[in-house]
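Please keep the sequence and the coordinates at hand.

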Amino acid sequence: MSTATQRPQSNAAASLQLSKDQLLRMYHRMYSIRQFEEHANDLYLRALMPGLTHLYEGEEAVAVGICEALRPDDYITSTHRGHGHCLAKGAKPDRMFAELLGKEAGYCRGKGGSMHIADPATGNLGANAIVGGSTGIATGAAFAAKQLGNGRVCVCFFGEGALGQGVLYEVMNMAQLWKLPVIYTCENNMYNEYTHYSETTAGEVLARPAAFGIPAESVDGQDVRAVNAVASRMIARARAGEGPSFLLCNTYRYRGHHVGDINREYYRAKQEEQRWSTERDPIKLFADWLIQQKLSGSAELERIQSEVDAEMKAAVEFAIASPYPPINQVDQDVYA
Amino acid sequence: MPNTATQTEVRELTFAEAIREALAEEMRRDPRVCILGEDVAEAGTPFKVLSGLVEEFGKQRVMDTPISEPGFTGIGVGAAMTGLRPVVDIMFGDFLTLIMDQIVNQAAKIHYMSGGTWKVPMVLRTTMGASRRSAAQHSQSLHAWPSHIPGLKVVLPSTPYDAKGLLKSAIRDDNPVIFFEDKMMYRLKGPVPTEEYTIPLGVADIKREGSDITLVATSSMVQVALGAAKMLEESGISAEVIDPRTMWPLDEKTLIESAKKTSHVIVIDEGYYRYGVTAEIASVIAEGAFYNLDGPVKRIGAMHVPIPFSPPLEDATIPSEQQVAEAARELCGK
């Protein structure tokens with residue numbers, strides 16, 4: 001297994017005391033994301049979903065560990081691989097599936113699709129289909145939070161591909177100059193689309209935020225408790241007015257760049273994929289820990305699983321049965 | 001113009017002073033309004049348009065940024081979504097090239113992509129216009145670019161009075177508005193009432209009434225058209241000068257009605273002639289007034305060349321009063 005840097009990673013030993021309710025909610029959310037993505041892939045294969053989608057399977061611990069540390073009124077910005085962030089921040093799967101299918105009941109009334117799910121009610125400023133495209137928006141939300149003194153923070157999710165975009169460094173510079181409450185969260189799933197990040201990324205990733213004086217740490221992105229622990233510290237720091245942080249989450253994308261990226265041997269080996277999914281699966285690791293610590297048992301986890309399975313099945317059925325938006329909505333919402 | 005016979009006091013202000021007054025009034029009225037940009041605070045911008053604002057409103061609301069146009073424009077977009085009403089300052093319109101993702105992919109589309117749930121009430125002020133001897137990267141008039149994008153509104157004021165009223169409306173608008181100021185007009189003086197007023201976006205203004213030909217002109221070209229109209233008067237041609245004031249929304253009705261009345265139209269704009277706003281406006285008029293026109297709608301814009309440095313070359317690229325007057329005489333057969 002590769003790690004993104006040679007620096008020691010934060011680990012679960014630093015974990016905060018989480019209540020059993022919190023731990024089970026985190027399990028519920030991680031499992032929900034996994035099931036959501038399985039259904040999304042299935043909808044694509046059944047030709048029920050227009051276009052493409054980018055699946056988050058394998059990275060669940062990152063979104064869930066971080067969003068568990070946020071308040072409901074805190075902000076996030078998300079990416080083209082955004083379903084996990086939306087669900088972790090509290091979005092409902094039925095309206096998400098409806099959006100994926102371009103239906104009127106979707107979060108964006110079908111106008112955004114998979115890559116643009118946004119939801120003011122959960123502080124989701126929107127997924128963004130431009131790599132690095134939401135880094136300005138996230139920093140702007142932190143700027144407004146500071147100006148308005150409302151105590152909110154913003155988590156800016158982006159993949160390691162966004163490390164190649166100049167705007168990221170422009171806004172990190174300003175965030176540190178102005179001590180803005182933003183947490184830059186780099187999900188390093190190791191592949192910029194179809195290219196290993198080592199071919200695109202010079203030097204050490206953490207040295208980049210460090211150059212601005214931004215505290216930066218890397219964490220095992222497959223360990224939801226470790227992610228939660230370090231994110232909680234960074235969020236508390238931001239809320240206290242001490243400025244931005246940078247969190248590098250080392251993780252792995254189980255599937256292709258998008259659902260149609262099936263034959264991947266030319267850029268990564270099947271053995272590598274297998275190793276991650278068998279040895280480093282974030283949901284299995286967390287379940288094992290919960291059972292080992294006697295915080296839960298297989299019966300309880302199975303009960304959660306069947307609840308989620310039923311919810312996802314109903315959500316997909318809702319989306320399929322929902323109507324498309326009427327054509328007269330095509331030119332609505334261009335201007336506020 | 002307001003009726004000056006009422007009690008409203010009217011002073012002469014420069015274009016720059018009118019813009020500054022609009023910003024100051026809106027910042028006093030609404031604490032959410034703030035300014036972001038390069039050298040906007042103590043320097044008051046290189047054109048001194050913002051002088052004095054930081055003294056009144058402080059550095060929290062008049063924020064100097066690094067030279068990072070995409071970064072601070074993006075910050076403006078995010079801040080607009082989450083409760084502020086930022087006015088982003090892009091020193092030269094040529095730098096729109098640096099921020100196209102932020103205004104075209106982000107600001108313009110967020111309201112639509114989110115199904116109408118998020119709004120981006122942001123104003124982006126920038127400059128346009130050649131003849132400052134600033135060469136190819138500081139002289140362009142690129143207002144056709146944002147005008148092409150659904151979700152953006154585009155404003156081009158031509159007088160101090162219009163600049164103030166339109167900027168106040170732009171700041172109160174819930175959409176991203178790109179506001180173009182011609183650098184050569186900052187010292188232009190004109191009457192501005194002391195009493196508060198706004199000018200709605202999407203309403204053209206008839207700058208001079210006439211009956212023989214319609215000169216549709218934008219920004220600094222309004223002065224060129226008015227100069228040409230005077231010359232034409234001597235040739236016995238009565239020219240009407242109309243300023244659309246906003247490229248989008250576009251007041252098609254006023255343009256078409258004038259064309260129907262005069263039957264001759266020239267559209268003058270400082271942006272590039274090829275694929276420029278003159279083409280769109282001419283097409284709107286041709287479609288709306290075809291059966292009343294006595295000839296094709298003529299267009300005059302900047303030559304299709306990078307703006308040259310050398311003064312005689314630069315001057316040759318920009319529409320002139322003589323050029324407009326000649327074209328008008330030809331069109332009217334006089």
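This is a predicted model: local features need pLDDT of at least 70, side-chain atom pairs count only at pLDDT 80 or more; totals for chains, interfaces and linings use all residues.

Q: In what order do the five strands of the open sheet in chain A lie?
A: Strands (E, at least two residues) and helices (H or I, at least four residues) are DSSP runs, numbered from the N terminus. Two strands pair if DSSP finds at least two bridges between them. In chain A the order is β1-β2-β3-β7-β6, with parallel pairing. Because β1 (75-77) and β6 (216-220) of chain A stand at the edges, each with a single partner strand, one side of each is left without a neighbour in the sheet. From one strand to the next, the twist averages 20°; axes are lines fitted to C-alpha atoms, for helices over the stretch in contact, and angles run from 0 to 180 degrees between N-to-C directions.

Q: How many bridges join β2 to β3 in chain A?
A: Strand β2 (residues 154-159) and strand β3 (residues 182-188) of chain A run parallel and are joined by six bridges. A:Phe158 has A:Cys186 of β3(A) opposite.

Q: Which strands does helix α8 of chain A lie across?
A: Two residues are in contact if their C-beta atoms, placed from the backbone, lie within 7 Å. Helix α8 (residues 224-239) of chain A lies across β3, β6 and β7 (245-250) of chain A, and runs at about 170° to β7(A).

Q: Which residues of helix α4 of chain A are buried?
A: A residue is buried if 20 or more other C-beta atoms lie within 10 Å of its own, exposed if 12 or fewer, and partly exposed in between, with C-beta atoms placed from the backbone. In helix α4 (residues 93-100) of chain A, seven of the eight residues are buried: A:Pro93, A:Arg95, A:Met96, A:Phe97, A:Ala98, A:Glu99 and A:Leu100. These buried residues pack against α1, α3 (83-88) and α11 (298-321) of chain A. After α4(A) comes A:Gly102, with a positive phi near 75°.

Q: Which residues have the most contacts inside the largest nonpolar core?
A: In soluble globular proteins, nonpolar side chains tend to be buried together. A nonpolar core is a set of buried Ala, Val, Leu, Ile, Met, Phe, Trp, Tyr and Cys residues joined through C-beta atoms within 7 Å. The largest one has 196 residues, and A:Cys154, A:Val182, A:Ile183, B:Leu215, B:Ala225, B:Ile268 and B:Ala328 have the most contacts inside it. Helix α1 (residues 20-45) of chain A gives the most to this core, with 10 residues. Leaving aside neighbours within four places in sequence, B:Ala225 is in contact with B:Leu215, B:Ala217, B:Val241, B:Ile268 and B:Val324.

Q: Why is strand β13 of chain B largely enclosed?
A: Eight of the eight residues of β13 (residues 265-272) of chain B are buried, so this strand is largely enclosed by the rest of the structure. Strand β10 (residues 213-217) of chain B runs parallel to β13(B), joined by four bridges, and B:Ala217 has B:Ile268 as its bridge partner. Four bridges also pair β13(B) with strand β14 (residues 298-302) of chain B in the parallel sense.

Q: Where are the domains of chain B, and how many of their residues are in contact?
A: Domain bounds come from an automatic or database domain assignment, which divides chain B into domain 1 (13-193) and domain 2 (205-332). Taken over C-alpha atoms, their centres are separated by 26 Å. In the contact, 27 residues of domain 1 of chain B meet 25 residues of domain 2 of chain B.

Q: How many residues does each chain give to the contact between chain A and chain B?
A: Chain B gives 37 residues and chain A gives 34 residues. On the side of chain B that touches chain A, the elements giving two or more residues are α3 (69-81), α4 (100-107) and α5 (110-113) of chain B. The largest share of that side, 11 residues, comes from α3(B).

Technical notes: Residues are numbered from 1 along each chain as its sequence is written. Chains are lettered from A and ligands numbered from 1 in the order in which they are written.
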